[in-house]
Amino acid sequence: MRLQPRPHRPHLPPGVYLAGLAIWLGFGCQSAPASLTEEHAAAIRDSVAAALQEFRDLGTAADWEAVGDFYSESPNFRFYENGALQYRSAADVRAALGAFPPETRIRTDYRDTDVVSLAPGLAHVRARFESTFTSPDGSAFGFGGAVTMIWAHETGGWRILSGHSSAPVPRGG
């Protein structure tokens with residue numbers, strides 16, 4: 001009996017097989033993203049709406065230290081105004097709040113507020129707003145527009161991770 005030669009197939013080094021197995025296991029064994037039940041989503045919406053109300057009330061009371069605590073310390077924090085990056089950190093926001101003359105109050109009224117639960121611990125807020133700044137001598141000025149914010153649940157509660165506010169711009173026409 002004569003043996004037939006097998007066709008030549010190059011052999012891969014064992015490390016290639018191990019790397020392939022590791023990649024396959026890495027993709028196949030990832031945990032599924034945490035599911036967000038409607039009950040959990042509703043609880044997030046209610047909790048963020050309450051945090052937004054507290055944030056508003058603290059501004060009206062001119063408690064700038066407490067207002068500043070609503071901004072995330074995350075290195076990913078950013079806040080834009082009218083299309084430009086205004087604050088790169090919570091410390092930047094706190095410095096701006098600290099620059100107000102003592103007892104300056106900001107009353108902000110939100111309307112058409114929509115809180116969207118994105119994932120456990122993460123929500124998107126979008127609303128129109130009207131803010132009135134009142135100085136200790138009673139003089140005031142106001143402006144309004146739209147605001148969007150991403151709120152993240154961190155140690156100590158809900159914090160603004162990023163946002164953008166804008167005022168209407170007259171358009172030609």
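This is a predicted model: local features need pLDDT of at least 70, side-chain atom pairs count only at pLDDT 80 or more; totals for chains, interfaces and linings use all residues.
**Glu38**
I started with Glu38, which lies in helix α2, residues 38-60. I noted it as exposed because its relative accessibility is 55%, and the cut-off for exposed is over 50%.

**Thr104**
Next I went to the loop between α4 (90-98) and β3 (105-119), where Thr104 sits. Is Thr104 buried or exposed? I have it down as buried, at 5% relative accessibility. Its side chain reaches the backbone oxygen of Pro101 at 2.7 Å. Leaving out residues up to four places away in sequence, I found Thr104 touching Ala62, Trp64, Thr134, Ser135 and Pro136.

**Salt bridges**
I found eight salt bridges in the structure. I looked up Arg128 with Asp112, where the closest N and O atoms are 2.8 Å apart. This pair links distant parts of the chain, with Arg128 in strand β4 (residues 122-134) and Asp112 in strand β3, 16 residues apart. Arg128 is partly exposed at 41%, while Asp112 is exposed at 53%.

Arg126 and Asp114 also meet through their side chains, at 2.8 Å from N to O. Here too the pair links β4, which holds Arg126, to β3, which holds Asp114, 12 residues apart. I noted both as partly exposed, Arg126 at 37% and Asp114 at 31%.

**A network**
Salt bridges with shared partners join Arg56, Asp57, Arg107 and Asp109 into one network. Within this group I checked Arg56 and Asp57, whose side chains meet at 3.0 Å, N to O. Arg56 is buried at 13%, whereas Asp57 is partly exposed at 36%.

Terms used. Residues are numbered from 1 along each chain as its sequence is written. Side-chain values use heavy atoms; hydrogens and water are left out. Helices (H or I, at least four residues) and strands (E, at least two) are DSSP runs, numbered from the N terminus. Buried means under 20% relative accessible area, exposed over 50%, partly exposed in between (1.4 Å probe, protein chains only). A polar contact is a pair of N or O atoms within 3.5 Å; within protein, one must be able to donate a hydrogen and the other to accept it, and residues adjacent in sequence count only if both atoms are side-chain atoms. Contact means heavy atoms within 4.5 Å. A salt bridge is a side-chain nitrogen of Lys or Arg within 4 Å of a carboxyl oxygen of Asp or Glu.
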